[in-house]
Amino acid sequence: MDNLNDENKNVETIVSEEVTEELVENKTPTEEMFDEEGSFFGGGDHTYVKKADKYEDVRSSAFTMLIVGMLGIIFVILALTKVINIPFSEATAWLFYSIMSIVFVAFTIAGFFSLRRANKLKDEAGIENEKIDEINAWANENVSKTVIDTGLDLNESVEILYFSRAEKIKGLLMHQFEDVDEGLIDLLTESIYTNIYEENEE
């Protein structure tokens, strides 16, 4: 058991050193590496949205389209059966009801397709959330101030030190979880950095 722990520490140290060397040799922080609020962005998708958030958006849109479409179809039926009286000429009424029927049917069909997509996203969100929990659990066990700050010049400016730390966290995560989307890694890098360097200080 002790040998296994020693091997894990050695691997962690090697990865940490590799990330540090890459920072020193290849990474020069620039303004483009931060957003307007100073947040870190790596090479992943800067607008990454978690599957759970996508699911909520698509689900909301699906129900909106279904409600609008069905209410519209009901309105057209009531108008055609003269329950609702609309003073149109016969030619105008035919054109109006035809266009409205097509529009509301299209809304309803689009709503059903969006609902199917939402159900698929729900499954994907569950898988992604499990992966996020796995990454956070690993980070809690293996990513600490000591590991991150090893090899860094702590006298650097706050902005450069922030970038260096964030890039190192990202490097550790990508080395451990090679199959995870880089955009998600960027997102989790932010939360892990905040947990280690900001929330703990409070």
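Let's start with helices α2 and α3. In this predicted model, α2 covers residues 51-80 and α3 covers residues 90-142. Their axes come within 7 Å of each other and cross at roughly 160°. An angle over 145 degrees counts as roughly antiparallel, and so that is how α2 and α3 run relative to each other. The crossing of α2 past α3 is left-handed. As for what lines this contact, the residues divide into 26 nonpolar, 7 polar and 7 charged.

Next, the loop between α2 and α3, which is where Lys82 is found. Lys82 is not a glycine, yet it has a positive phi of about 70°. Is Lys82 buried or exposed? Its relative accessibility is 63%, and the cut-off for exposed is over 50%, so Lys82 counts as exposed.

Now the nonpolar cores. The largest one has 22 residues. Which of them touch the most other members? They are Ile135, Val143, Ile148, Ile169, Leu173 and Ile192.

Setting aside neighbours within four places in sequence, Leu173 is in contact with Ile135, Trp138, Ile185, Thr189 and Ile192. Two of those partners, Ile135 and Ile192, were also named among the residues that touch the most other core members.

Notes: Residues numbered from 1 in each chain as written. Predicted model: local features only at pLDDT ≥ 70, side-chain atom pairs only at ≥ 80, totals over all residues. Heavy atoms only, no water. Axes fitted to C-alpha atoms, helices over the stretch in contact; angles between N-to-C directions. Helix = DSSP H or I, 4+ residues; strand = E, 2+ residues; numbered from the N terminus. Parallel < 35°, antiparallel > 145°, perpendicular 65-115°, else oblique. Left-handed = near helix turned anticlockwise from the far one by under 90°. Nonpolar A, V, L, I, M, F, W, Y, C, P; charged D, E, K, R; others polar. Core = buried A, V, L, I, M, F, W, Y, C linked by side-chain atoms within 4.5 Å. Buried < 20%, exposed > 50% of the residue type's maximum accessible area, 1.4 Å probe, protein only. Contact = heavy atoms within 4.5 Å.
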